[in-house]
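Hi,

Here is the structure I said I'd pass on. Have a look at it first, and my notes on what turned up follow below.

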Amino acid sequence: MKKDMALSSSSQEWLRKTRENIRPWNYFFDIQKFKMPSSMSQSTKRVVKNIEQFQSNYFFVFIVLILYCLLTSPMLLIAVAVGLGACYIISLRNAEHKFHIFGHELTLAQQYGIVSIISFPLFYMAGAGSAVFWVLGASFFFIMLHAIFYSVEGDKEVFDLQIETV
């Protein structure tokens, strides 16, 4: 029980820090700051700086893409609702009395494992695999697009010495 409370408090602390580190959205979408990088080294520096600076904003872009994917796929939304609903019912029943099968008591984690095994075919039929890869690909595309083209304040043009062989 204490482990669950510690996990819950640490996840709440992480979520609180993530919310505190969100840059203002008008700063995130400032069109005047989008510029072409002059070189590959400048684009990699921009990516590193922007991921450090906008990490929380990128996390919420990822969450919005997940929600978009769920809302545009009704079967997937139903599959997720059924799986989460089953886990909620199990947690309520587990608080009242423990579940026994063939004289053996099943822990809450084992019951959750059974629910995930049973709901796997439902997720497969709903296209959860393609949805996961779509969300990952779209997130990577939009985040990298923003990170490469968004010019931060410390991003000055550095003239690289180019040496030509004669």
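**What I found**

The protein has seven helices and two strands. Bear in mind that this is a predicted model. Going from the N terminus, the elements come in the order α-α-α-α-α-β-β-α-α. Of its 166 residues, 25% count as buried. The protein exposes about 12,700 Å², and carbon and sulfur atoms supply 70% of that area. As for contacts between residues at least 6 apart in sequence, 80% of them join residues at least 24 apart.

Now for the inside. The largest nonpolar core is made of twelve residues: Tyr27, Phe28, Val47, Phe54, Tyr58, Val61, Leu65, Ala138, Ile143, Ala147, Tyr150 and Val152. Helices α2, α4 and α7 are the elements that give two or more residues to this core. There is also another core, lying apart from it, with eight residues that include Leu70, Leu76, Ala128 and Val135. As a general point, nonpolar side chains in soluble globular proteins tend to be buried together.

Helix α4 is worth a look on its own. It covers residues 55-71, and at 1.5 Å a residue its 17 residues should span 24 Å; the end C-alpha atoms are 25 Å apart, so the two agree. The buried residues in α4 are Ser56, Asn57, Tyr58, Val61, Leu65, Cys69 and Leu70. When you look at that pattern, remember that an α-helix has 3.6 residues a turn, so residues three or four places apart point the same way.

Then there are the aromatics. The count comes to 14 aromatic pairs. One of them is Tyr27 with Tyr150, an edge-to-face pair at 5.9 Å centre to centre, with 80 degrees between the planes. Tyr27 sits in helix α2 (residues 25-28) and Tyr150 in the segment after α7 (128-149), so this pair ties together parts that are 123 residues apart in sequence. Both Tyr27 and Tyr150 are buried. Phe28 and Phe29 make an edge-to-face pair too, with 4.8 Å between centres and 85 degrees between planes. Phe28 has 3% relative accessibility, which is why it counts as buried.

Ring pairs also link Trp25, Tyr27, Phe28, Phe29, Phe34, Phe54, Tyr58 and Tyr150 into a cluster.

Cheers

Key
Residues numbered from 1 in each chain as written. Heavy atoms only, no water. Helix = DSSP H or I, 4+ residues; strand = E, 2+ residues; numbered from the N terminus. Expected span 1.5 Å × (residues − 1). Buried < 20%, exposed > 50% of the residue type's maximum accessible area, 1.4 Å probe, protein only. Phe/Tyr/Trp six-rings, centres within 6.5 Å; stacked < 30°, edge-to-face > 60°. Contact = heavy atoms within 4.5 Å. Areas by Shrake-Rupley, 256 points an atom, 1.4 Å probe, with all protein chains shown as cover. Core = buried A, V, L, I, M, F, W, Y, C linked by side-chain atoms within 4.5 Å.
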